[in-house]
Structure formats: C-alpha cells, structure tokens
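Welcome, and please open the structure in your viewer. We will go from stop to stop, selecting one part at a time and looking at what is there.

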Amino acid sequence: MPQSQTRATGEIPLPFGAVAQLGERLVRNEEVRGSIPLGSTTRRRRQDGPTGRCGPLPQSNAVWRGRALSKLRRGGVTQGSAMGRIIDSEAHAWTRIPFNWRHKAVPGEKRSELNARNAANYKPSRPAPDGSFAPPEDTSDDLLAAMDFHGIDISVIYPGACMCPNEEIARVVARAPDRLIGFGKFGKHVPPWRTPAEAKAAADELEHGLRDLNIRGVAEVSLAHWEPEPAEAAIRALRPWFELCTTYRAPVVVHAHAGGGATGLDYCNPATFRPLAADFPDVILVLNHMGGARRDFFDAALALARDHDNVRFNTSQTTSDHLSEAVRAIGAERIFFGVDWYALERPETAERSQHKNQLATVHRAQMSDRERELVLGESLAALLRLA
Ligand SMILES: [Zn+2]
C-alpha cells in the first residue's frame, strides 16, 4: 500500500511556528510507549500517559527534526503527497546489547559484556551437541517503538552475530508485515562448516527462508564468523550461497567495516569481497558501512563499486564526508540508509539515539534533496520492488 495513503494529512504545528501538511512523520512529537500490541501494524500515537522506553521528546530533538523537515521542504521534495519514505536497511531485532556498545560515556571506553541470556546466543556461542541452542531475544517491540519515535516507515531486520532461525525472522516480520522486511542467513548452522553436511545444512536453512518464508535477502554476513579460518576460505564457502541468491534474486548484505573491536582486517576489508562481486554479477552485494570511517577501506569500497555495477553501500557507521563522496562517485540510487540498530540494555533518550545519530549522518552529508530522498529510502524501495 502506498505509504501516502496511510499517513495522517492534518495540519501539525511545527517548531518555529511553521505548519506542515506533510503527514506526521518528521514532526511526531507526542510520547511513545515501548510496547506495540501483537497484531498492531500501524503507528501508535499517544497523547497521554507515562513515558515508555524512549521517554518524552525534549524540545531539542523536536527542533532537530523541525530543521530536517525545513531543509527537505526548502528543496521542494515534499511538495505534493509523494515525500519519500524512510527505510532503514539495517536493524538487528534480536540480541540486546550493553548501552556502551552504541553510546560511550567517554571516548575509547571498553565495551561492557553481554548479559548471560544474550551471550548464550551470540558469537562465539554455538549449539549444544544435541543441536539445541539458546533462543535469541526478540527485541522487535523496542524497534517498532523507536521507528515510531523517529519516523522510520520500514526497517529491514536481520540477526547480527547470533543464532536466529529464519522461521523466527518470519515470525517477527508477521507481527508488523507493513513495517518489517526480513533478511536471513544460517540460523543455528554457524560457520565455519567443518563438513559438507554442515555446509549443506546451512545452505538448506537459507533456501528454506528464501523459498518458503518470504525472506527477501541474506544478511548480515560477517566473514569473521569464519575465524580462525582465513577470509579466502569464507569467500569460497559463500559461493553456493551466491548461487542460491542468483536463483532467488536475493541481495547479499555483508559486513565491511573494522568497527566494534574487530579482529582480522581481511574479514572486513571491502576488497576481500571482489571475487564474489565479479563472479556473481546478478547478485546485488551490499557493503554495509561502506568500509566505515577508515579511509583505506572506504577507498576499497569505492573501487569495488566502480568496477562492479552490482555493488551497493549502506550508510550505517560511515561519516558524512564519506557519504557525500560516495553519492558523487556511485550515485544515490546505489546507497541505502542504515541504522545498524540494536536494542540496548538501558533505554535510549532522544539525545542518545542510534536512529538520531545515523539520520544525522545522512542529513549532514552534501547531496541534493532528491539524492537524500533516494538514500533515505527510495533506492532500497526500488531494489526490493516495494509498492
Ligand atoms: Zn555490520
């Protein structure tokens, strides 16, 4: 359904006395609760009651969003009712991580440890010998509340470095099918696969998702899953996956960024993925983080994208300068907004928010309003053939 049909169209007061007739998205400033009832697939607006996970929206954030809206309006992209959607290409809706994995109190602060429940499902955890494993924590209530709070229309959800069956991904998507799109991967069949049978079980799990569960792509593949094997071994192991993705026309999202205490730079260097980009031209290869803040990794990402039309970037954890340059170099049609969202053990505030930080990267970057609209959602909508 076109989002414009679902959006409120009334006049909403804005900061600075402006008035919008553009729908509620960028100007939503009511309080939001942290729980979305099962079966609810529409945005919840609350005018009353106590604060939820996100808490009340301080004026400063309302101003920030007001500025973003003013900027968009000046360029005319919001004229008419066809203002672009905001689509997050990267939300990890399983695993709750410590607050300081995303918001450090001081620069260089050491990451706190995962709590016992999430550590039991997160790398380097593996299934027990009988095949059982600790289930991942579904954090989609937190995600949907944050999406409402920050005006995100749709999020593509997928697991991080945890064991999450594709059936579980489909179950969560079914809670809000017009807001969530599922990408999946190997479930409990964690690489490196030591035997052909293990590799086949992982590929079967993926194919089950793509064929039977409306899983729309593969994500997020980190070559560091293959530690201690070298990155080349991971690339070889992924070839059958790219064959499957050719068959099912599914994009593959890979981790290309040396952040988060990464070990082994080859695992996250964009250049490592060159053989797959070259040998599977019909598979869209999304470099999440476009190399991150490292100049050499960003250059490697640009080189790969210049050489191979099937390469795309996502914006999470990059810098506004890199994003500006990427738009000039490869075009906004090939770049997708991403938050790299995780639920945190302490509630975020309006000021300390993953969505706010990653939206700010896009809004600070230099590009035209049309290019910003593409990056924020319409490029990914085109790839996924969203109505
Ligand atoms: Zn990543």
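**Stop one: around helix α7**

Begin by selecting helix α7: its buried residues pack against α6 (196-212), β6 (218-221), β7 (252-257) and α8 (274-279). You are looking at a predicted model, so keep that in mind throughout the tour.

Which residues of α7 are buried? Select Ala234, Leu238, Trp241, Phe242 and Cys245 to see them. Several steps along this list make sense once you recall that an α-helix has 3.6 residues a turn, so residues three or four places apart point the same way.

Now show the whole of α7, residues 231-248. These 18 residues reach 25 Å from the first C-alpha to the last, close to the 26 Å expected at 1.5 Å a residue. Zoom in on Arg239, where α7 has a kink of about 35 degrees, shortly before the proline Pro240. Then step off the end of the helix to Arg249, which follows α7 and has a positive phi, near 55 degrees.

**Stop two: the open sheet**

Next, select β5, β4, β3 and β11. In that order they form an open sheet of four strands, paired in parallel. Where are the edges of this sheet? They are at β5 (180-182) and β11 (341-344), each of which has a single partner strand, so one side of each is left without a neighbour in the sheet.

**Stop three: a glycine in a loop**

Between β4 and α5 is a loop; select Gly160 in it. Is Gly160 buried or exposed? Gly160 counts as buried, because it has 21 C-beta neighbours inside 10 Å, and 20 or more are needed. Leaving aside neighbours within four places in sequence, Gly160 is in contact with His92, Thr95 and Glu220. Try the distance tool as well: the C-alpha atoms of Gly160 and Ala93 are 8.6 Å apart, although 67 residues separate them along the chain.

**Last stop: colour by confidence**

Finally, colour the chain by pLDDT. The mean is 83, and 78% of the residues reach 70 or more. Over residues 1-82, pLDDT stays under 50; for this stretch the model has 113 contacts beyond four places in sequence.

Methods. Residues are numbered from 1 along each chain as its sequence is written. This is a predicted model: local features need pLDDT of at least 70, side-chain atom pairs count only at pLDDT 80 or more; totals for chains, interfaces and linings use all residues. Two strands pair if DSSP finds at least two bridges between them. Helices (H or I, at least four residues) and strands (E, at least two) are DSSP runs, numbered from the N terminus. A residue is buried if 20 or more other C-beta atoms lie within 10 Å of its own, exposed if 12 or fewer, and partly exposed in between; C-beta atoms are placed from the backbone. Two residues are in contact if their C-beta atoms, placed from the backbone, lie within 7 Å. The expected span of a helix is 1.5 Å times one less than its number of residues. The bend at a residue is the angle between axes fitted to the seven residues ending there and the seven starting there. pLDDT is the predictor's confidence in each residue, from 0 to 100.
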